[in-house]
Amino acid sequence: MEFDRVQTIASLSFDKEAIPEEFIMPEKEQPATTTFRGVAPEIPAIDLSEPDQEKLVGLIADASKEWGIFQVINHGIPSDLIAELQGVGKRFFELPQEEKEVCARPRDSESIEGYGSKLLNDPQEKKTWVDHLFHRIWPPPSINYQFWPENPPYSREVNKEYAKYTRNVVDKLFTTLSLGLGLEGHVLKEAAGGEQIEYMLKINYYPPCPRPDLTLGVEAHTDLSAITILVPNEVPGLQIFKDDHWIEAKYIPDALIIHIGDQIEILSNGKYKAVLHRTTVAKDRARMSWPVFLEPPGELVVGPLPQFINKDNPTKFKTKKFKDYMHCKLNKLPQ
């Protein structure tokens, strides 16, 4: 059973209109009882082509302080390239199981790269309704093609093209986030690893689920990255914890959803907030998403920038190597 993928379990579950016990969340986490149903504020949507830089910086800084998440439109990544990225990902998860397993994460691997399901370190933990494929797409020295699907045959070219365009968005985001803190535009990117920042693409596949009211695709968490740039499909599911409510993100075609991650919160000493979020699933449709996690290189030491520490504002976070932070986060150890 431990080798079963959620996609396989899902195909069997519809026969009995039930899901295995290990996927049923505690009642206080079940989406049926915790999703906010009233009139809710919408996640800020920001035009990244705004010609007034001061206005753009203000919008992004405000969203990052108040929400920790925002959507961007007119970001410069062609809509047909986004469609191709989605298409090759969808086709990967439509492959026969044995073909997908070619990209599987080795069971003894210390890396998260590869095809798999939730990384369960604690057998008492609940499982989540998702399969995934992690693979780095930038910079070239960090890429391990073992985890890049060869089928569909043009998926590698799509990955490379998407990485090229994403780098322009990344530079604009880091610059505006820096300026929004009163820093020079280059500061945050350099502090997060500069040109050595690693782009980890994850394809999430949330199969149709006979009891979406009882389970989650991803449990509540903040991202351990600096920034996450996410492409969703049209099936709703991303939820943000705001003002003590779980609020559903509105789908905007071709928009990118930008998450502030833990490393930006740490570097800013809490001025920018890492967003607490989770994912629900659907009964009649597969949900998918394509987040790119912008991660510092493992040996890089990350801590609050000295500009944000003084006697009135002491350091809120430890300074440590990113690989040590990641180890603690993934194993749910204290930082």
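Reader: Where does Pro152 lie?
Author: In this predicted model, Pro152 lies in the loop between strand 4 and helix 6. A cis peptide bond joins Asn151 and Pro152, with omega at about 0 degrees.

Reader: And which residue is joined to Pro139 by a cis peptide bond?
Author: That residue is Trp138, and omega for the bond is about -5 degrees. Pro139 is in the loop between strand 4 (131-138) and helix 6 (155-179). Most peptide bonds are trans.

Reader: What about phi, then? Which value does Asp244 have?
Author: Phi of Asp244 is near 65 degrees, which is a positive value in a residue other than glycine. Most residues other than glycine have a negative phi. Asp244 sits in the loop between strand 8 and strand 9 (245-248).

Reader: Is Asp244 buried or exposed?
Author: Asp244 is exposed, because its relative accessible area is 65% and the cut-off for exposed is over 50%. Asp254 also has a positive phi, about 70 degrees, although it is not a glycine. Asp254 is found in the loop between strand 9 and strand 10 (256-260), and it is partly exposed, at 38%.

Reader: Changing topic: how many salt bridges does a search of the whole structure find?
Author: The search finds 21 salt bridges. One of them is between the side chains of Lys242 and Glu66, at 2.9 Å from N to O. Lys242 belongs to strand 8 (residues 238-242) and Glu66 to helix 3 (residues 53-66), so the pair ties together parts that are 176 residues apart in sequence.

Reader: Are those two partners buried or exposed?
Author: Lys242 counts as buried, at 8% relative accessibility, whereas Glu66 counts as exposed, at 51%.

Reader: Which residue does Lys90 meet in a salt bridge?
Author: The side chain of Lys90 meets that of Glu94, at 2.7 Å from N to O. Both residues lie in helix 4 (residues 79-94), four residues apart, which is about one turn of the helix. Lys90 is partly exposed, with a relative accessible area of 46%.

Reader: And what does Lys189 pair with?
Author: Lys189 forms a salt bridge with Glu195, at 2.9 Å from N to O. Lys189 counts as buried at 15% relative accessibility, while Glu195 counts as partly exposed at 49%. Elsewhere, salt bridges that share partners join Glu66, Lys242 and Asp243 into one network.

Reader: Which residues form the positive surface patch?
Author: The patch is formed by Lys65, Lys271, Lys273 and Lys316. Lys316 lies in the loop between strand 13 (301-302) and strand 14 (320-321), and it is exposed, with a relative accessible area of 52%.

Reader: What does the UniProt annotation say about residues 196-296?
Author: The unreviewed UniProt entry annotates residues 196-296 as "domain: Fe2OG dioxygenase". In the model, the end C-alpha atoms of this span lie 7 Å apart, and the span is 6% helix and 45% strand.

Reader: One last topic: how far apart in space are Leu56 and Gly180?
Author: Leu56 and Gly180 are 9.3 Å apart in space, C-alpha to C-alpha, and 124 residues apart in sequence. Leu56 lies in helix 3 and counts as buried, at 1% relative accessibility. Ser13 and Leu133 are 120 residues apart in sequence and 23 Å apart in space, again C-alpha to C-alpha. Ser13 is in helix 1 (residues 6-13), and it is buried, with a relative accessible area of 2%.

Definitions and conventions: Residues numbered from 1 in each chain as written. Predicted model: local features only at pLDDT ≥ 70, side-chain atom pairs only at ≥ 80, totals over all residues. Heavy atoms only, no water. Patch = residues over 30% accessible without salt bridge, like charges linked within 9 Å, V, L, I, M, F, W, Y side chains within 5 Å. Areas by Shrake-Rupley, 256 points an atom, 1.4 Å probe, with all protein chains shown as cover. Salt bridge = Lys/Arg side-chain N within 4 Å of Asp/Glu carboxyl O. Lys, Arg positive; Asp, Glu negative; His and termini not counted. Charge placed at Lys NZ, Arg CZ, Asp CG, Glu CD. Helix = DSSP H or I, 4+ residues; strand = E, 2+ residues; numbered from the N terminus. Buried < 20%, exposed > 50% of the residue type's maximum accessible area, 1.4 Å probe, protein only. UniProt positions renumbered as here; feature names shortened; annotations may be inferred.
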